[in-house]
Structures are given as structure tokens and as C-alpha cells.
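Please keep the sequence and the model open as you go.

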Amino acid sequence: MIEAKITNILIKQRIYTRLEQEKIRYGVRIILKEFYKLLLLYSVAFLLDCLLPTFIIHMVFYLTLTFNLYGTAKLCNVS
């Protein structure tokens with residue numbers, strides 16, 4: 001329902017090919033799924049009274065991925 005409305009608004013802005021329209025639908029579907037997951041996660045955290053620790057862990061995880069802080073360290077270079 002919401003997905004269809006958002007998709008129609010985006011598609012009406014320009015003339016898109018059928019493939020581009022499907023890509024837009026797919027992208028909107030993914031974004032909404034992730035938003036619903038985030039909403040569910042923070043709702044449960046609120047009910048369990050651990051909203052702040054959840055937010056801190058989420059931000060640390062996001063920053064770790066954004067700045068690629070793990071998995072890049074090499075202790076030795078073997079040639």
C-alpha cells in the first residue's frame with residue numbers, strides 16, 4: 001500500500017523504461033523492509049527499557065561499517 005504510493009510518485013516524476021520502473025519498485029521495497037525492521041527493533045528495545053544501549057550499539061556498528069574499522073588490519077605481509 002505505502003510501497004505502491006511511493007513508487008507511483010517516483011515513477012511519475014520522469015519517463016522510465018520498464019526495467020527502470022522495476023528497479024525503483026525493488027529499491028523502495030528494500031528501503032521499506034529495512035525501515036520496518038528498524039522500527040520493530042527500537043520498539044522492542046523501548047519495551048525492554050534498553051533503548052539507549054541499543055542505539056549506542058547500533059551507532060557503533062554503523063560507524064564501524066562506514067569507516068571500515070575492522071577486517072583491514074594486516075599483521076604481516078607474506079609475499
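## Where two helices cross

The axes of α2 and α3 cross at roughly 140 degrees and come within 8 Å of each other. Angles over 145 degrees would count as roughly antiparallel, so α2 and α3 are oblique to each other. On the α2 side, the contact is made by Leu38, Leu41, Tyr42, Ala45 and Phe46. On the α3 side, Leu51, Thr54, Phe55 and His58 take part.

What classes of residue make up the contact of α2 with α3? Seven are nonpolar, two are polar and none is charged. As this is a predicted model, please read the geometry here and below as computed from that prediction.

## The overall layout

The protein has three helices and zero strands. Reading from the N terminus, the elements run α-α-α. Helix α1 covers residues 2–12, helix α2 covers residues 18–47, and α3 covers 51–66. The protein has 79 residues, of which 13% count as buried.

Glu3 lies in helix α1. Is Glu3 buried, partly exposed or exposed? Its relative accessibility is 25%, and the cut-off for buried is under 20%, so Glu3 counts as partly exposed.

Setting aside neighbours within four places in sequence, Glu3 is in contact with Arg25, Val28, Arg29 and Leu32. For one of these, Leu32, the separation along the chain is 29 residues, while the C-alpha atoms of Glu3 and Leu32 are 7.4 Å apart.

Side chains of opposite charge can pair when their charged atoms come close. Glu22 pairs with Arg18, with the closest N and O atoms 3.4 Å apart. Glu22 also forms a salt bridge with Arg25, where the closest N and O atoms are 3.0 Å apart.

Glu22 and Arg18 are four residues apart in helix α2, so about one helical turn separates them. Arg25 and Glu22 are three residues apart in helix α2, again about one turn.

Glu34 and Lys37 are three residues apart, about one turn of helix α2. Lys37 is exposed, with a relative accessible area of 52%, while Glu34 is partly exposed at 44%.

## One aromatic pair

How many aromatic pairs are counted? The count comes to one. Its members are Phe35 and Tyr36, whose ring centres are 6.1 Å apart and whose planes stand at 55 degrees, so the pair is tilted. For reference, planes over 60 degrees apart would count as edge-to-face.

Phe35 counts as partly exposed at 48% relative accessibility, and Tyr36 counts as partly exposed at 42%.

## A positive phi at Asp49

Most residues other than glycine have a negative phi. Asp49 has a positive phi of about 60 degrees although it is not a glycine. Where does Asp49 lie? Asp49 is placed in the loop between α2 and α3, the two helices whose axes cross at roughly 140 degrees. With a relative accessibility of 72%, Asp49 counts as exposed.

Definitions and conventions:
Residues numbered from 1 in each chain as written. Predicted model: local features only at pLDDT ≥ 70, side-chain atom pairs only at ≥ 80, totals over all residues. Heavy atoms only, no water. Phe/Tyr/Trp six-rings, centres within 6.5 Å; stacked < 30°, edge-to-face > 60°. Buried < 20%, exposed > 50% of the residue type's maximum accessible area, 1.4 Å probe, protein only. Salt bridge = Lys/Arg side-chain N within 4 Å of Asp/Glu carboxyl O. Axes fitted to C-alpha atoms, helices over the stretch in contact; angles between N-to-C directions. Parallel < 35°, antiparallel > 145°, perpendicular 65-115°, else oblique. Contact = heavy atoms within 4.5 Å. Nonpolar A, V, L, I, M, F, W, Y, C, P; charged D, E, K, R; others polar.
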